[in-house]
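Student: I have just opened a new structure and would like to go through it. Could we begin once it is on the screen?
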Amino acid sequence: MWTPLRASQLFLRLQLPFLLGVLFFSAAVALTAEVEHTALLIAGAAVTVVASALFLVRGAGWAASAWIVVIPILDIVAVAFARAAMLPYLPTIGLLCLFPFAWIAYRFRWPGLLLVLAGSAFISALPFVVGAAPVSSGLAVLNLVALPLLATGISLGIHLGSVSYQRSQEAVNRSRLEASAALARSRDGELLLRSLLDTVSGAVAFFDADGRPSIANAAAEQWGRRAGLHEPDRGSSARVLAADKATPVPFEQRVVPKALRGETVANQLEWIGEPGDMIALMATSRRILREDGALLGTVVAAYDVTELAEAVEVREQFLATVSHELRTPLTSIMGYTEYVTDELGDRAGELGVERALATISRNTEKLLDRVSQLLSAADKNFDVRLLPIDLVPVLQASFDSLRVIAANSGVELIADLPEELPVDADGPRLAQAVENLLTNAIKFTPALGTVRLGAAVDGTETVITVSDTGVGMSGEEQRRAFDRFYRSRGARDTSVQGIGVGLAIVKQIVDAHCGHVEVRSVPGEGTEFTLRLPSRQL
């Protein structure tokens, strides 16, 4: 696209050099030689002055209109007159034609090339017309056609060069506009992202591939300062405690260092801050990879769960306190019941209190069992004593202890155990876990159903399974099966006794053995619990 210039710019860049060239060389030749065609010389200079004087014409936008072509045409006429007059003395004066030719080629494109061809032919032929140089040989003919051809070729090159330049400028302009638009979109996106992040109540921070914090919302900035992430030591000296609010967390095991190393961080709870001003944060991280697999950065998200953590702590303290307070009087009740029963002996039946005493004793045992479960569920320091044992007798004893209960419920109890199963485990704890699973299976399996206990070695793991053909569990019930005090809708509807801590204790026991527990269930078909424990390395 041709960019129009103001009249003053056209004059200074094109016309003034041409005017000075024509006047200078005309005066120089007139002073140093006797010019035969003086009238042509004067006419050339006069036409140049007239063309230059046209720039004095005032008008709105005439320099950008097609009428501007009048000036280079007059310049061509001036060059023709000057060349015809000075051809014997200064034939190179014809080079001044490049000024108007270049102007026309650049300004008027392809139609202008025809004007260049005609103008150059006029400049070349005028000397022969006025008789300054007769056409008497082939060389004269060559001189006649050389200028039009050369001038047209040069103008064509100028035209093509200007077209290429203008296209490149257009491409540059488009790129600049696209870059500006992309930058504006990027800034808008950054503003939107920051606004969204600041709207979130939790902390969200992005660390680049080198581990430097790049984006963080207001909450992340605040909690980052509390954790010392902006300090030179990156928070290694900050006070960070584990979920129990007592165990210091080593720097390399904290959320941010673990996340930046590429380790998975999922719902890790930490207490940060100074004593008396600590907050609990639940954090999760995720690595972001480019399409080629290269690391772009790491996102860490955290939520303030101080109130929830403190509420859980209060609940645990309450459970422990209530359980201990209940255990003492229940133990006393059971002891005195046994004492009365022993003292009365056969007279208990005669007095009609034998059944009452038996009921008191049985219910007291149930309450003591519930209290023991509450204490186990509330015990944060759940320790196990790992000893080399054969697991088969432990499983068989748990199985045998529930035969009568299963028979009374009309449930078939089946054991599929190997001859031996060596493991490093806490036998009583595992027996407690298996008994909890078998008891649950019997409770939720209708008469004529089956409960099966199995065990085997699977690679480096010892696997214990308890399956039943009972009522089964929904997906939501499976997800919450190991939550303390959670009782399924089926348990509530059928009034199955329990306080909802049995499976939570099972998970505690298995976790303490560095194992894990799985559940699979289909509503109406049955449930299978799988305990996976590390096998003994022989």
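Student: Is T48 buried or exposed?
Tutor: T48 is buried, with a relative accessible area of 0%. Buried means under 20% relative accessible area, exposed means over 50%, and partly exposed lies in between, with a 1.4 Å probe and protein chains only. This is a predicted model, in which local features need pLDDT of at least 70, side-chain atom pairs count only at pLDDT 80 or more, and totals for chains, interfaces and linings use all residues. Residues are numbered from 1 along each chain as its sequence is written, and side-chain values use heavy atoms, with hydrogens and water left out.
Student: Where is T48, and which residues is it in contact with?
Tutor: T48 is in helix 2. Helices here are DSSP runs of H or I with at least four residues, strands are runs of E with at least two, and both are numbered from the N terminus. Leaving aside neighbours within four places in sequence, T48 is in contact with Q15, F18, L19, V22 and A78. Contact means heavy atoms within 4.5 Å.
Student: Which other residues of helix 2 are buried?
Tutor: Besides T48, the buried residues of helix 2 are L40, L41, G44, A45, V47, A51 and S52. They cover an arc of only 160° around the axis, which puts them on the same side of helix 2. The arc is that of the directions from the helix axis to the C-beta atoms. An α-helix has 3.6 residues a turn, so residues three or four places apart point the same way.
Student: What do those buried residues pack against, and what is on the other side?
Tutor: The buried residues of helix 2 pack against helix 1 (7–32) and helix 3 (70–86). On the other side of helix 2, A39 and I42 are exposed.
Student: Changing topic, which residues touch the most other members in the largest nonpolar core?
Tutor: That core has 40 residues, and L391, L438, L453 and I464 touch the most other members. A nonpolar core is a set of buried Ala, Val, Leu, Ile, Met, Phe, Trp, Tyr and Cys residues joined through side-chain atoms within 4.5 Å. Several elements each supply at least two residues of this core, among them helix 11 (391–401), helix 13 (427–443) and strand 11 (461–468). Helix 13 gives the most, with eight residues.
Student: Which residues are in the second core?
Tutor: The second core is separate and has 34 residues, including L40, V79, C97 and L126.
Student: And G515, where does that lie?
Tutor: G515 lies in the loop between helix 16 and strand 12. G515 is buried, with a relative accessible area of 13%. Not counting residues up to four places away in sequence, G515 touches V510, R532 and P534. The C-alpha atoms of G515 and R532 are separated by 5.4 Å, although these residues are 17 residues apart along the chain.
Student: How many salt bridges does the structure hold?
Tutor: The structure holds 10 salt bridges. A salt bridge is a side-chain nitrogen of Lys or Arg within 4 Å of a carboxyl oxygen of Asp or Glu. One of them joins D511 and K507, with the closest N and O atoms 2.9 Å apart. D511 and K507 both lie in helix 16, four residues apart, about one turn of the helix.
Student: Which residues are linked in a network of salt bridges?
Tutor: D458, E461, E518 and R532 are linked in such a network.
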